[in-house]
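Subject: Structure handover

Dear colleague,

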Amino acid sequence: MIAEIGVQLMVIAALITLFAGVVKGAVGFAMPMIMISGISSILPAETALAMLILPTVLSNVTQALRQGWRAARESVVRFRVYLLVGAVFLLLGAQLVPYLPSHILLLIIGVPVSAFALMQLLGVQFHVAPENRLKAEGMVATIAGFIGGMSGVWGPPTMAYLTATNTPKQEQVRVQGVIYGLGAVLLFLAHVQTGVVSMRTLPASALMLIPAGIGMLIGLAIQDRLDQAKFKKATLLVLVVAGLNLVRRGAMG
């Protein structure tokens, strides 16, 4: 696959992945959104999906375990309904990838990415009352899992849910790592079955581990010195542009 893609496009994909890693290290999310939005602008959406899987697994496992395995285990127990429901629908959604026309897949990716970023920029927030938490958790996990299985992007509904339940900042970052990490492992296994992940596509995904890792180290190094609000706003603006570009391409068929 690497030879088919060519050096120039691989370099561009690596730069996109590097940027995604910086953002992930600095603010704790958005790696798959940036990678799928950026790489699918120069390569087929299915190829972009294959390339993001290994970097997503590694980055989220690292994020989930940053406060130790005991803290990660507590997050797994607390969000077990979300994880179980999301896992089921992720596996179901992944089965549709080989059968979806490329423009439909682009719309499925672009619409939630754009909507999430716009809502965050406009300051839209949701609130879930404690008595409605389990119902909301199941509903959001269904949406996140289904979209995630098809696109590798399950961050938008997850972020909205964690914000709506007033999850503390440190736990929110850790929980994202747990949810996205376990989801990425399941996504990998599901797409081994669908053929998106294969001996042909794995080398390209493995190569993206290098810029992703370098980007995360840069992001973590500047995390404490960075104006988080301004950086997050800039990231969301990039996601809006990237997401709307995917919607445009999908709408053109």
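Does E4 count as buried or exposed? At 57% relative accessibility, E4 counts as exposed, where exposed means over 50% relative accessible area, buried under 20% and partly exposed in between (1.4 Å probe, protein chains only).

This is a predicted model, in which local features need pLDDT of at least 70 and side-chain atom pairs count only at pLDDT 80 or more, while totals for chains, interfaces and linings use all residues. Residues are numbered from 1 along each chain as its sequence is written, and side-chain values use heavy atoms, with hydrogens and water left out.

The whole structure holds 3 salt bridges, each defined as a side-chain nitrogen of Lys or Arg within 4 Å of a carboxyl oxygen of Asp or Glu. In one of them, E4 meets R200 at 2.6 Å, N to O, and this pair links distant parts of the chain, 196 residues apart. R78 and E171 also form a salt bridge at 2.6 Å, N to O, and these residues lie 93 residues apart; R78 is partly exposed at 35%, whereas E171 is buried at 14%. Between R133 and E137, the closest N and O atoms are 3.4 Å apart, and both R133, at 18%, and E137, at 2%, are buried.

Best regards

Technical notes:
Helices (H or I, at least four residues) and strands (E, at least two) are DSSP runs, numbered from the N terminus.
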